[in-house]
Amino acid sequence: MAPPLALDSPVTELPRLSAADARRLARLGVATVRDLLLHLPFEFDSYEEVASIAGAAADARAMVMATLVSIHSKTINSGRHAARRQLSLSEATLRDDRGQPLKVVWFHKPYLAHQLRPGDRLALAGRLKPSRFGPGLEMQNPDHEVVGIELGPRRLAALMPRYHLTAGLTSKRLSGWVEAALPLAGGLEDLVPPPTRERHRLLPVAEAVRQGHRPQDPAELAAAKRRLVFAELLELQAAFLLARRRMASEQATPVEYRQEVIDAFLAGLQFEMTGAQKRSAWEVFKDLRGEVPMNRLLNGDVGSGKTAVAAAAVAMVHAAGLQSLVMAPTEILARQHLDRFRAHLEASFPGLAVELLVSGVPAAERRRVLTAAASGHCAVLVGTHALLEQEVTLARLGLAVVDEQHRFGTRQRELLRAKAGAGRPHFLAMTATPIPRTLALALYGEMALSTIDEMPPGRLPVATQVLMHEERDRAYRLVRSEVAAGRQAFVICPLIEESETQEARAATVEFERLRGHVFGDLRMALVHGRMRDKDSVMRAFRAGASDVLVATSVVEVGVDVPNATVMLIEGAERFGLAQLHQLRGRVGRGAARSHCILLVDQPSPPILARLRLLEAVHDGFRLASEDMRLRGMGEMLGPRQHGMSDLAMEALQNPELLSEVRQEAELLIDAEAGLEQWPPLREAAARRLDRTSIS
């Protein structure tokens, strides 16, 4: 006998939910019954309940009750000529209570002809259209439910939920699992203290969940969403406040500002720092002078010069007799930082040694680097997650720099801080994903924020062009001409392998096609996230071992190939503007003119209007703001990346709500007993601080 369903039960214990379904739900952040209940619809399709089919308007969304007269399955040919394929379907005739006929067709569902029986009473929700089979109306692919003669539908209603989905899931199936889980909503623990609910007129959590999945009208859905979003943002803001106050109680070694250090640093640079770089560096220097550890996020576009600002901080820390750590998410990015920090520092500061520690370092070299770090002879230790290993010790760690902040979590930062022993190092995070200020403050509220919103002078913008899929040969000619001139090119694909549910060009398939039929005489390479040796492939490409690199968006961050001048992106409509801008930033890093070609497989006026913004706009912050407006927060940054629901990510566009929640979190924490009197909220905030997916 199966155990009774509980809130913490895995979703696989829900009826008619397979292991493959569980994997799909996991991509939405839904692993347990509790997660499913908190995954509210983002909107509802509205259906008018009609008493008679005859009285319904054509092309109207309607819900009708009718009795099945007949049903059969069939297979037809669809498409034209060579593209023709067979299509299976079920066709049915029904009559409503007044005897009016209704034709229904369900495409791709021949099995319904065996599941439904003449005489079944059905509730149908869909769009009524003039029938192709004669007078009257028909429905195509309506939602349906078998109902009793005396009862109405249990699942179908005038408002039908639309959930955020992933490939292989439908709102109808997800709604069915929610139906099985809803009786457990009463057991959900409420994170929001009763006084907060009263002050802000919020629903109890159980009522919000029931009302959110089964609202009677749009106002009920709005109230439910506001309640769950408020709770999630309250947890987040409470966690940020706790983190800030905890850090305020910690001690760091102050690093005094010395003008001669910055003079030597600037003299050694091969370029003039921009005003934004100088402003950000000064903000960092002021933080370093304090006894409380610096905790600052450096937010800047690709090529805006964040590394130079970090190197200036490292120079100041070295002058104070302290060491620095620089951690990157990939080996190739770590090696690039090694080169840049050496170029920025070693010539200007004799005795300042920059060393590398990654998993691929030979044993003898590893021992040498570990000894140099532990003895203090290494001023800057650059590496990947290998820096977190217990055997890595530093004599006097004063500064930890983390690149691509969103790829590291709080737990990893704590391990870095522990390298400083009794004191705490100053902490500087960097991200090359331009984040609008409101969003950055919401996502990284425990950190001070510096923004480099100015590009170095003389940097050529990447010439960007949107092409239809039938214009692909033009893109290929551009690749050939650039390779003939001694340059290199990227070809980016949305998927790794062929998918039955998506038509995007898979990287593996596209690599074989290009190598066999398009660029057979060129040197080709392939890289994607599932490869173990992807860093070595990208290092070889950077060294000029191949002409064309076929890749997924794994190259979005950290690949610096000055000789690459073409970025060709297949299925560009499948990417957000911010991600396309990041990919475009992989070229244009040398002196030669560079090109970004956006190939569109499924053009539509809204898609083309969105993509053509990239042709005219090269400011990453402006594009990120536009991406937020057009696609939403979750689409732009990936809500799971930040441990937040889709609803909460969307709510980050509401500064009034954010301010309201932040003030409430401060009120609760500043109370005499603080969060100790509200254990559920305190524990949730503490879990969020410990969660590695949050930073």
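Trainee: Over residues 634-641, what does pLDDT do, and how many contacts beyond four places in sequence does the model have there?

Mentor: pLDDT is the predictor's confidence in each residue, from 0 to 100. Where it is low, the predicted coordinates should not be read in detail. Over residues 634-641 it stays under 50, and the model has 27 contacts (heavy atoms within 4.5 Å) beyond four places in sequence for that stretch. Residues 497-504 also stay under 50, with 15 such contacts. For the protein, the mean pLDDT is 86, and 91% of residues reach 70 or more. This is a predicted model: local features need pLDDT of at least 70, side-chain atom pairs count only at 80 or more, and totals for chains, interfaces and linings use all residues. Residues are numbered from 1 along each chain as its sequence is written, and side-chain values use heavy atoms, with hydrogens and water left out.

Trainee: How do α18 and α19 cross, and at what angle?

Mentor: Two packed helices are described by the angle and the distance between their axes. Helices (DSSP H or I, at least four residues) and strands (E, at least two) are numbered from the N terminus. Axes are lines fitted to C-alpha atoms, for helices over the stretch in contact, with angles from 0 to 180 degrees between N-to-C directions. Here α18 (residues 577-584) and α19 (residues 605-616) have axes that come within 11 Å and cross at roughly 35 degrees. The crossing is right-handed: the near helix is turned clockwise from the far one by less than a right angle.

Trainee: Which residues of α18 and α19 meet?

Mentor: From α18, Leu577, Leu580, His581 and Arg584; from α19, Arg610, Leu611, Leu613 and Leu614. That contact divides into five nonpolar, one polar and two charged residues. Nonpolar covers Ala, Val, Leu, Ile, Met, Phe, Trp, Tyr, Cys and Pro; charged covers Asp, Glu, Lys and Arg; the others, Gly among them, are polar.

Trainee: How many of the nine residues of α6 are buried?

Mentor: Buried means under 20% relative accessible area, exposed over 50%, partly exposed in between (1.4 Å probe, protein chains only). In α6 (residues 205-213), seven of the nine residues are buried, so the helix is largely enclosed by the rest of the structure. They are Val205, Ala206, Ala208, Val209, Gln211, Gly212 and His213. They pack against α2 (33-37), β1 (43-46), α4 (171-181) and α7 (218-248).

Trainee: Is Ser324 buried or exposed?

Mentor: Ser324 is buried, at 1% relative accessible area. The residue lies in strand β11 (residues 323-327). Beyond four places in sequence, Ser324 touches Val314, Val317, Ala379, Val380, Leu381, Leu394, Leu397 and Leu399.

Trainee: What is phi of His108?

Mentor: Most residues other than glycine have a negative phi. His108 has a positive value, near 65 degrees. Its place is the loop between β5 (101-107) and α3 (112-115). His108 counts as exposed, at 52% relative accessibility. Asn141 also has a positive phi, near 50 degrees. Asn141 sits in the loop between β7 (137-140) and β8 (143-146), and is partly exposed at 38%.

Trainee: Which residues is Pro461 in contact with, leaving aside neighbours within four places in sequence?

Mentor: Arg593 and His618. Pro461 lies in the loop between β16 and β17 (463-468). The residue is partly exposed, at 41% relative accessible area. The C-alpha atoms of Pro461 and Gly588 are separated by 7.1 Å, though the two are 127 residues apart along the chain.
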